[in-house]
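User: I would like to learn how to read a structure like this one. Please take me through it feature by feature.

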Amino acid sequence: MSTATPIPVRSPLTSALSGTTAVLIGGSSGIGLAAGVLLRSVGARVVLVGRDPGRLEAAVSRVRSASPGDAVLAGAGDGGDEQTLAEAFD
C-alpha cells in the first residue's frame with residue numbers, strides 16, 4: 001500500500017498574490033521556473049533572472065503559457081552581480 005501524498009489538482013496559492021511581483025533568481029530552470037509558472041498562474045507578475053539568454057527566453061515562453069500576457073519579464077545575468085539584481089528589481 002502506498003502512502004505517497006497525492007498531487008494537488010489546483011494551486012495551493014491563493015489569488016491574493018494577483019498583482020504582486022516576484023523576482024526569481026535562477027528562474028530559467030528547475031524550482032525557479034516551476035515557481036514562476038505557479039506564481040503567474042495565480043496572477044502575479046514574474047521577473048526571471050538567469051545566466052543563459054537562450055534558456056531564459058525558453059523559460060519566459062513557458063511561464064507565459066501558464067497565463068498569457070506581458071506580465072513576464074527577463075533579465076539575463078549572474079544573480080550574484082549587483083548590477084543584474086538592480087536591473088531586475090527596477
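User: Is Gly 32 buried or exposed?

Analyst: Some ground rules come before the answer. This is a predicted model, in which local features need pLDDT of at least 70 and side-chain atom pairs count only at pLDDT 80 or more, while totals for chains, interfaces and linings use all residues. Residues are numbered from 1 along each chain as its sequence is written, and side-chain values use heavy atoms, with hydrogens and water left out. Buried means under 20% relative accessible area, exposed over 50%, and partly exposed in between (1.4 Å probe, protein chains only). The areas themselves come from the Shrake-Rupley method with a 1.4 Å probe, and for residues only the protein chains shown count as cover. Gly 32 has a relative accessible area of 15%, so it is buried.

User: Which helices and strands does the chain have, and in what pattern?

Analyst: Helices (H or I, at least four residues) and strands (E, at least two) are DSSP runs, numbered from the N terminus. Here there are three helices and three strands, and along the sequence they follow β-α-β-α-β-α. Gly 32 belongs to helix α1, residues 30-41.

User: What share of the chain is buried?

Analyst: Of the 90 residues in the chain, 30% are buried. One case is Leu 48 in strand β2, which is buried because its relative accessible area is 0%. Another is Val 60 in helix α2, buried with a relative accessible area of 9%.

User: How many salt bridges does a search of the whole structure find?

Analyst: Side chains of opposite charge can pair when their charged atoms come close. A salt bridge is a side-chain nitrogen of Lys or Arg within 4 Å of a carboxyl oxygen of Asp or Glu. The search finds one. Arg 51 pairs with Asp 78, and their closest N and O atoms are 3.9 Å apart. Arg 51 lies in the loop between β2 and α2, and Asp 78 in the loop between β3 (72-76) and α3, so the pair ties together parts that are 27 residues apart in sequence. Arg 51 is exposed at 66% relative accessible area, whereas Asp 78 is partly exposed at 35%.

User: What does the side chain of Asp 52 reach?

Analyst: A polar contact is a pair of N or O atoms within 3.5 Å; within protein, one must be able to donate a hydrogen and the other to accept it, and residues adjacent in sequence count only if both atoms are side-chain atoms. The Asp 52 side chain reaches the backbone nitrogen of Arg 55 at 3.1 Å. Asp 52 sits in the loop between β2 (45-50) and α2 (53-66) and is partly exposed at 38% relative accessibility.

User: Which residues gather in a patch of negative charge?

Analyst: Lys and Arg count as positive and Asp and Glu as negative; His and the chain ends are not counted. Each charge is placed at NZ of Lys, CZ of Arg, CG of Asp or CD of Glu. Patches are made of residues with over 30% relative accessible area and no salt bridge, like charges being joined within 9 Å. On the surface, the negative patch gathers Asp 81, Glu 82, Glu 87 and Asp 90. Glu 82 is in helix α3, residues 82-89, and is exposed with a relative accessible area of 69%.

Technical notes
Patches are made of residues with over 30% relative accessible area and no salt bridge: like charges are joined within 9 Å, nonpolar side chains (Val, Leu, Ile, Met, Phe, Trp, Tyr) within 5 Å.
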